[in-house]
Amino acid sequence: MDKYLEKYAVATESLCNSFTQQNAYIAPLVAEDVAALKTIGMDPNIWRFARFPKDTTDAFDSYFARVLSDSDCLLFTVKCGSSHDVIGFTRLKNIDVVAKKAEIGTWLTGAYQGKGLNRFIKLQLLAVAFDVLQLDEVYCYVSEDNQPSIKSLLKFGFEVDASKQRLSPTRKSTKEIPQHYIFISAANFASVSKPGK
């Protein structure tokens, strides 16, 4: 973890402790959860829209080694609210404290997809980004063919900035695929995170 981000560790952990009664909740990644993430992380359903699927041991291990070595991110395990089992992973990455922006990425094992849990996870992760880190914007790049994620993010209150769309290489084809820049501002999050929304 970046030295600058270390000062947020206690506040982040405290906030995450308040989430444990949710249907799904995030908790700062601890060493004990890494093995569970490796066990569930090669589920092909997780990576069906990924540019570079991580559905083999080598691909997943390489991906997760890079994730663990990133210094400009906060890593979280996603857990089931009733069983407290590890069901996925999320992170704030490319945290830029000067520009006050960060990128998000989330994956859930197939058995927990499509159950509405992503809303709980996003609310919690964005609370860390906006309330603890005091960022102004959180964004992600989503492949054009990943319509379930795009629809979910837009329904949540994210917006598309077409001027920041990019083309990205993929292992699955010889051509690059469009990725949409989808973001939410701190002000927009404040309005969507109010009770009853």
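Guide: Let us begin with Ala24, which counts as buried in this predicted model, because its relative accessibility is 0% and buried means under 20%. Ala24 has its place in strand E1, which covers residues 24-28. If we set aside the neighbours within four places in sequence, Ala24 is in contact with Lys79, Gly81, Ile87, Leu117, Phe120, Ile121 and Gln124. Along the chain, Ala24 and Cys140 are 116 residues apart, and their C-alpha atoms are separated by 21 Å.

From here we can turn to the largest pocket, which holds about 1,500 Å³ of space. Of the 46 residues that line this pocket, the closest to its centre are Gly105, Thr106, Trp107, Asn146 and Ser149. Several elements each supply at least two residues of the lining, among them strand E3 (86-96), helix H5 (117-132) and strand E5 (137-143). By kind, the residues of the lining divide into 19 nonpolar, 13 polar and 14 charged.

Gln179 is buried, with a relative accessible area of 4%, and beyond its neighbours within four places in sequence it is in contact with residues including Arg51, Tyr141, Val142 and Gln165.

Finally, a word on confidence: the mean pLDDT of the protein chain is 86, and 91% of its residues reach 70 or more. Confidence is lowest in helix H1 (residues 3-6), at a mean of 65, and highest in strand E6 (residues 159-160), at 96.

Conventions
Residues numbered from 1 in each chain as written. Predicted model: local features only at pLDDT ≥ 70, side-chain atom pairs only at ≥ 80, totals over all residues. Heavy atoms only, no water. 1 Å grid on protein atoms, 1.4 Å probe; cavity = no way out; pocket = protein on both sides within 12 Å on 5 of 7 lines; lining within 4 Å. Points joined across faces, edges and corners; volume = space filled by probe spheres on them. Helix = DSSP H or I, 4+ residues; strand = E, 2+ residues; numbered from the N terminus. Nonpolar A, V, L, I, M, F, W, Y, C, P; charged D, E, K, R; others polar. Buried < 20%, exposed > 50% of the residue type's maximum accessible area, 1.4 Å probe, protein only. Contact = heavy atoms within 4.5 Å. pLDDT = per-residue confidence, 0-100.
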